[in-house]
Each structure stands twice: as structure tokens, then as C-alpha cells.
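User: Could you walk me through a few local features of this model? I'd like to begin with a strand and then move on to helix packing.
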Amino acid sequence: MRFGYRPDLFSADAVDGIARQLLELLRLIAEQPELPLARIPPATPAQQDALAAWNRTDAPLPAATLTQLLERQAALSPDAEALRFDEAALSYRQLHQRTNRLARRLRADGVGPETLVAVALPRSIDLVVALLAVLKAGGAYLPIDLDYPAERIAFMLADAQPAVVLSRSELLAGLPVEHALCLDQIDDALETLSDAPLDHPDDDRHPAYVIYTSGSTGRPKGAVNSHRAIVNRLLWMQHAYPLADDDVVLQKTPSSFDVSVWEFFWPLIAGASLLLARPDGHRDPVYLAELIRRRGVTTLHFVPSMLDAFLQEPASAGCASLRRVLCSGEALPAPLLARAAQTLPCPLHNLYGPTEAAVDVTAWTCDPVRDSRSVPIGHPIWNTQLFVLDAMLRPLPPGIPGELYLGGVGLARGYLRRPALTAERFVAHPFAAGQRLYRTGDRVVRREDGALDYLGRLDHQVKLRGLRIELGEIEAALLDQPGVAQAVVLIREDAPGQRRLVAYAVPAAGAQADVARWRDALAARLPDYMAPAAWVALDALPLTPNGKLDRRALPAPELTLAEHREPVTEKEKRLAEAFAQTLGLERVGLDDSFF
């Protein structure tokens, strides 16, 4: 057999793999002609061996809780700066003395293993003290974002049924609770309690925290994460990107999002300093750049959307203290990586993971030259297995997209009080009896080296007019156009039954929006059915409180009507009438597109 291929799109190894797959398929058909197609494995024996090798991620993991790791470090560096917020700072000794006293009060209020404590505090020293105190009391913390609507907060509290709500008296008016333990009201009483360490449970299977995520039905769900899961994640991180005692980690992610978990605790188990951004500072690139320079920040995280906004701020080029920047939460576009490499003095690391698996499960150290076309989400972290499976749960070889399933110690215990949903998403492991896999709902494909490329959510693979469309493909084509900095494409249904593709584009700095040129370029590159029917040029994409793209806040496009020309011939009239009936429109003109 001979294979012809484009070397700019396929490597020789990739083509060799395709050839081996084809030969294996032909061999099976010849030797077992009665074999059903569904029982033919997509991967060859050699590819199956490679898949198994990429999942050998065993690493020694101590039988320790997050609380024990925090206290060990406090004993090693008691006088080092642990925490800073504005001009206030605490040493490791001072921080743990305060948390020990609050933990004793929580313990007296019945907090212990398998107990939830809701923490409704803005980013502050009080917030960090509260989180550590909950862990030391043996409980699991539930962060409450004060920017959430009261209805959502009320649902979370009613659903989670925490034993205690920790807050401050001036915040109670915005909280739908009858009783709360207000830190400002118990300060004097806490001073009378011992600040010595408490005895605490050492079972790492107990929950450490619960974070609520949006549900597809609109009802939030709380993912319950164990000490063992987050300890594995943090110890891997310290091994992969070692923090030293002169490192400063910026904490800027809202506590209700899982990235905040490593921001809070990674520096505090490594002897580094934890610097808190002001409560609204994570949205302000000017403030962040100034804080990084003034405090010598070495480590921080960005959602790609916020990284893009940060790099547009000229002061971002002066952040010389940075040693590492971590990205996660969204796909990292290659053009954004290239801009970051030109602006920042340090490597960029691309991480991926759901809240249901202790923050992150893959990692990739970016190289703007190697990753000039796309940026992978990388390889599995410690004690984590990645499975790219088809609809019949068969492992797929490199080059074939499928759904990503996760295994290993990082999996959450499940969803709080949602056994049916837990059973739906945490499924029986098809290759290891007694174990579980988590269905991510993410579409990925393996590279020849085993790294994963993120292709998007499975629910972003849509159908319009009966034709399957991958929205990411349209976005990538738009991002390739000169003068386009950011792009989002989605299907909107602003009128019942009238679904259409809408493209949102943000011009690059110094460039003008040129929708006509962008439309023509995509028309030349994509099939008609993938051409957006409406276009919206924006100054910036709307973001959620944690810096992710807020798709719900994207505006509806303005309706612009082309000059209507009535059909003339009998054939034109019949065709226009069929279009109008199919699309639910009153009339269709000669120049109107079916798509």
C-alpha cells in the first residue's frame, strides 16, 4: 500500500500508525469474517500497549491529610511569612495559632469528620484562617461566593445543610441565613482559647472541601473532594514546579472555584508566602500588574480569557519577578501562548481538570515554537489515568477523537446528596473491577506522544439544519484572520425555532473590526452551513467572576435585513415556500441563505 499525505498536517509516525491500523483491520476481517464490527478494537495491540504505558503514573503518596501537611510546614518554618493581605502579614506561627483557636470553637459547635462548614467571607486574612480552621476541626469547607445571587446561595445552603455558617456580621444582610458564626463577634472569646495544635482525624478518605458547579439542568451540584485527592494534587504540583521559601504565590481566584484550592494551600505546605489580591482585584489587569511588581509575585494562575486581558495591559511586560504562570479553565489558544511568550519572563504551563477530580489531572509545559498550531492539555499527573473512549467504551488510539474518562486517586467521592447524578457521571471502570471512572463530557484526541489535545465540550458539537457542526472549528478559522484577537461562535435561538450561528469577534489592539472581510474569509474557508449568519464585533468578551468566558452575557446580534427580492419563476416560488415552511419564516427572498 502507498500513502500520500501532507507533512504539515501528519507526521510520518502518524501515517505509519494509520497504516498499521488498516492492516490490522484487514487481517481481522480475513481471519474472522463473522466477527461483528463492534467487537473489532479500534487500537492495534501495539497501540494498546502504548495506551497502557502512558497511564502508568504510580507515585508514592503518603497517608496524610491536607491538615497534616499544613501543620508539618508550620513546624518547619514558624517565623517565615505565611500570609499577606495589603499591609497586614502573618507568620506561619501566627497563622496557625489563630486557626487553632477558631478550630477549637468549631469543634465545640459539633464540627468534625463528614461535617460541612459554609464559609461566606470575602478574600481576606479571615478567609484563610477560616478555611484552615475548618480543616483542623476535622470538617470540610464549603465556599460561598458573596457575589452570587441570593437565590443561588440559598439553594446551596439548603442543599448542603452545613453545620455552621462562618461569616461576619456586616455581611449577614446579604445572606439568606438565620444564624451564622460571625468572626467579629467572637474575637474576644477566641482569645481565651488555647492556640496549641488540636488532635485531628488522620483518615484521608474524609472530605476536605465541597465546591458547587453548574449543572446541565440549571441546578448546581456539590462535588465532594477528599483529603487524599487534594494531597495527591498538591504534592504532584510541588514536585513538578517546586516552590522555594522565597516564592510568592498570588491568590486571586474566587474561593468558590477549584483553582483557589491550590492557590490557598500549595504555598502553605511548601514554606512559601501566600499573597491575597483584594476582593475585586482579580478582574483588574492594571492592579494585578502593579501588585505583581510591588510584592515580587513569582507564581500565579490565569484563565486564558483573563490572561488575554492582562497581556493587553502594557504594564504586564514589567512583571520581571514571575517564575511560572499556570493556565487552566479554558482552551489555551496558540496565538495567546505566542503573545505570552513575548511578554512574560517565564514559562507558561497549561493544565486541565474538572472540579470532580481535585482541580487538575493533566499538565503541559508550553513551547511557543512547538505549540504554534495548538496547545495540548498534556499528560496525566501522579496516580491518574486518562482514557479516550468511544461510545462503546473502547480505548481509542492516537488520532481518533473520543470522550475523556478519568481514573485514579483524584476522583471526587461524588455529588453531595445526588446519588443518581453521581452514578451517571462516576461510572464503573470497564477495565478494573471495583474502581470508578469519571465521565468528563469533554472531547479530546491523543497525539502520537500520548499527550491530549482538547477539542471542546461534547455539547459544543451541534447540529444545525440537520448538519453536524464543531463550533471550535469555526472559532479557529476566525482566530486565523489578521486583526482578530478573540473569537466565540455559538448557536442562538433568539426567536422560537430560529436557530442560527452567531460569531463574536474582538479586534486585536490597534486593529479595526472588519466584519465584511472576516465574513468573506470564512466563506472561502468553510462550508456554507458553517458560515455564521450573524456577526457581533465587541471591545471585549464578557467574563464570569472567576475570569472565564460568560457565554450567557454575549449580546444578541442586531437584526439587519437585506433588500428583499421576491421569487419570480414558479420554481423559485416553490423553493422559497419550502424554505419558509422548513425554517418557520413568513417569507423567503431570492437572496436569503438557507443557513
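Analyst: Strands here are DSSP runs of E with at least two residues, numbered from the N terminus. The model is a predicted one, and in it strand β20 covers residues 436–446, with Arg-443 lying in that strand.

User: Is Arg-443 buried or exposed?
Analyst: Arg-443 has a relative accessible area of 19%, and because buried means under 20%, it counts as buried.

User: And how many Å separate its C-alpha from that of His-227?
Analyst: The C-alpha atoms of Arg-443 and His-227 are 29 Å apart, with the two residues separated by 216 residues along the chain.

User: Switching to helices, at what angle do α14 and α15 pack?
Analyst: Helix α14, residues 471–479, packs with helix α15, residues 515–525, at an angle of about 125 degrees, and their axes are 10 Å apart. That angle makes α14 oblique to α15, and α14 passes α15 in a right-handed crossing.

User: Which residues meet there?
Analyst: From α14, Ile-474, Ala-477 and Leu-478 meet Trp-518, Leu-522 and Arg-525 of α15. Sorted by class, the contact of α14 with α15 has five nonpolar residues, one charged residue and no polar ones.

User: Which residues of α14 are buried, then?
Analyst: In α14 the buried residues are Leu-471, Ile-474, Glu-475, Ala-477 and Leu-478. Viewed down the axis of α14, these buried residues fall within an arc of 160 degrees, so they line one face of the helix.

Key. Residues are numbered from 1 along each chain as its sequence is written. This is a predicted model: local features need pLDDT of at least 70, side-chain atom pairs count only at pLDDT 80 or more; totals for chains, interfaces and linings use all residues. Side-chain values use heavy atoms; hydrogens and water are left out. Axes are lines fitted to C-alpha atoms, for helices over the stretch in contact, and angles run from 0 to 180 degrees between N-to-C directions. Helices (H or I, at least four residues) and strands (E, at least two) are DSSP runs, numbered from the N terminus. Angles under 35 degrees count as roughly parallel, over 145 as roughly antiparallel, 65 to 115 as roughly perpendicular and the rest as oblique. A crossing is left-handed if the near helix is turned anticlockwise from the far one by less than a right angle, and right-handed if clockwise. Contact means heavy atoms within 4.5 Å. Ala, Val, Leu, Ile, Met, Phe, Trp, Tyr, Cys and Pro count as nonpolar, Asp, Glu, Lys and Arg as charged, and the others, Gly among them, as polar. Buried means under 20% relative accessible area, exposed over 50%, partly exposed in between (1.4 Å probe, protein chains only). The arc is that of the directions from the helix axis to the C-beta atoms.
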